[in-house]
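User: I am new to this structure. Please take a close look at how its charged side chains pair, and follow the topic to wherever it leads.

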Amino acid sequence: MGGMRLSTVAARRIALAAQGFGASRPKPWSATSRQVQRVIDTVGIVQIDSVNVVSRSHYLPFFSRLGPYDTALVDRARDRAPRRLVEFWAHEASLIPPSTWPLLDFRMRRAHDESWGGMQRVKRDHPELVDAVLAEVRARGPLTSRQLEAALAHDLPRDRDQWGWNWSLVKAALEHLFWSGEVSSAGRTTQFERRYAVPSRVLPAHLRDVAESPGLRPGDDEAFVELIRIAARAHGVGTEQCLRDYFRLKPEQARPAIATLVEAGDLVPVTIDGWRRPAYLDPTARRPRRIATRALLSPFDSLIWQRDRTSALFGFDYRLEIYVPEDKRVHGYYVLPFLLGEDLVGRVDLKADRARGRLLARRTTWEPGRGGADDTRELHEELTLMAQWLGLADVAVVR
């Protein structure tokens, strides 16, 4: 590897700046669509999750970086033309800039082999149903799945028996079409239902030819290079494991792409003190001397996706306990790490108690040596800001 060495502290600062934590926040509620766009450009992917214990998770990374802001700005970027966010399987279910969508064509083509069993079965056993669903979306979209069901029942009532119609089959057909890129999402309803439409109706005008003609999309090798480039920009510095996890690439997809970028000088091999694996630096990454920030992080924030990286950078071991039985949870159900200065100093199990108008801090766990008066005051201030952003009257700390 190259001769450049970085301390863990320097790597941490580079990583935080690359994820948008080096800049000061705007005044509460003053964030503009341009500042929302800056977060999109910085992180490259915003993960979606349906759990709504505090807030829909895709709103939280913007709050972490901008403070209290109008979530309608994110909705507008996703739901209105020209869209600046579209939905696809990037890290997991994610919002991405439209320009990234064609780079994931390799994943769309493999929907038949790598998707879930129900999706594969519906394409194999009921191709005529899949074709009918696609035709209906093309003719009538955007449609929610419920609207699609009603439309199919109206347009094709006699075919229901022929298909052994059941609604789970139609849903599986929709998911298959979404995964394969033949159907996209024109946004979400207030109930968080996808509004299905064909990609040419969703992507901005300059990408419509690419939407309709897969042959115009980048080849796999070119796409892997560009996806690693996006990941490197969002990391600042990271190992191969870090870079490929961002878009969930396989080693054989990521490795040649990293080598191509190193050869071009667009990634610089570095050694980070205490890290066993070689790392790669984005030469355009900011290298701040210090970071002064404060944020509560979504469990699905891209800063902490890769658990080995989070441990190596911050000495912070984090895992999601949503799917852990309650009696086996260590820190709680919906736990948000607390970033203060340039350290992850603690974590809070939060719940928006909307009926009583309060933000419940059900359990707070501090890292060793943290949790003194200053840390506690900073956390309470951030919780108060979050409560205001969520439209809740106060914060209730469960002792």
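A salt bridge of 3.0 Å, N to O, joins the side chains of Glu136 and Arg140. The term stands for a side-chain nitrogen of Lys or Arg within 4 Å of a carboxyl oxygen of Asp or Glu. The model is predicted, so local features need pLDDT of at least 70 and side-chain atom pairs count only at pLDDT 80 or more, while totals for chains, interfaces and linings use all residues. Residues are numbered from 1 along each chain as its sequence is written, and side-chain values use heavy atoms, with hydrogens and water left out.

Helix α8 (residues 127–140) holds both Glu136 and Arg140, 4 residues apart, about one turn of the helix. Helices (H or I, at least four residues) and strands (E, at least two) are DSSP runs, numbered from the N terminus. Glu136 counts as buried because its relative accessibility is 7%, whereas Arg140, at 40%, is partly exposed. Buried means under 20% relative accessible area, exposed over 50%, and partly exposed in between, with a 1.4 Å probe and protein chains only.

Another salt bridge pairs Arg146 with Glu193, with 2.7 Å between the closest N and O atoms. Arg146 belongs to helix α9 (residues 145–155) and Glu193 to the loop between β5 (184–188) and β6 (194–197), so this pair ties together parts 47 residues apart in sequence. Arg146 is exposed, at 52% relative accessible area, but Glu193 is buried, at 17%.

In helix α14 (residues 220–235), Glu226 and Arg229 lie 3 residues apart, about one turn of the helix. Their side chains form a salt bridge of 3.2 Å, N to O. Glu226 is partly exposed at 26% relative accessibility, and Arg229 is partly exposed too, at 29%. Shared partners link Arg25, Arg294, Asp374, Arg377, Glu378, Glu381 and Glu382 into one network of salt bridges. The count of salt bridges comes to 33.

Asp282 is a contrasting case. This residue is buried yet has no salt bridge, and the nearest side chain of opposite charge, Arg233, is 6.1 Å away. Lys and Arg count here as positive and Asp and Glu as negative; His and the chain ends are not counted. A polar contact of 2.8 Å joins the side chains of Asp282 and Thr284; such a contact is a pair of N or O atoms within 3.5 Å, where within protein one must be able to donate a hydrogen and the other to accept it, and residues adjacent in sequence count only if both atoms are side-chain atoms. Beyond its neighbours within four places in sequence, Asp282 is in contact (heavy atoms within 4.5 Å) with Ala232, Arg233, Gly236, Asp266 and Leu267.

Asp282 sits in the loop between β9 and β10 (293–296). Strand β9 (residues 279–281) runs antiparallel to β8, joined to it by 3 bridges; two strands pair if DSSP finds at least two bridges between them. Ala279 in β9 is the bridge partner of Val270, and Tyr280 in β9 stands opposite Pro269. A hairpin is formed by β8 and β9, with 6 residues between them, and Gly274 in its turn has a positive phi of about 85°. On β8 (residues 268–272), 3 bridges also connect to strand β1 (residues 4–6), here in parallel.

These strands belong to an open sheet of 4 strands with mixed pairing, in the order β1-β8-β9-β7. Its edge strands, β1 and β7 (237–239), each pair on one side only.
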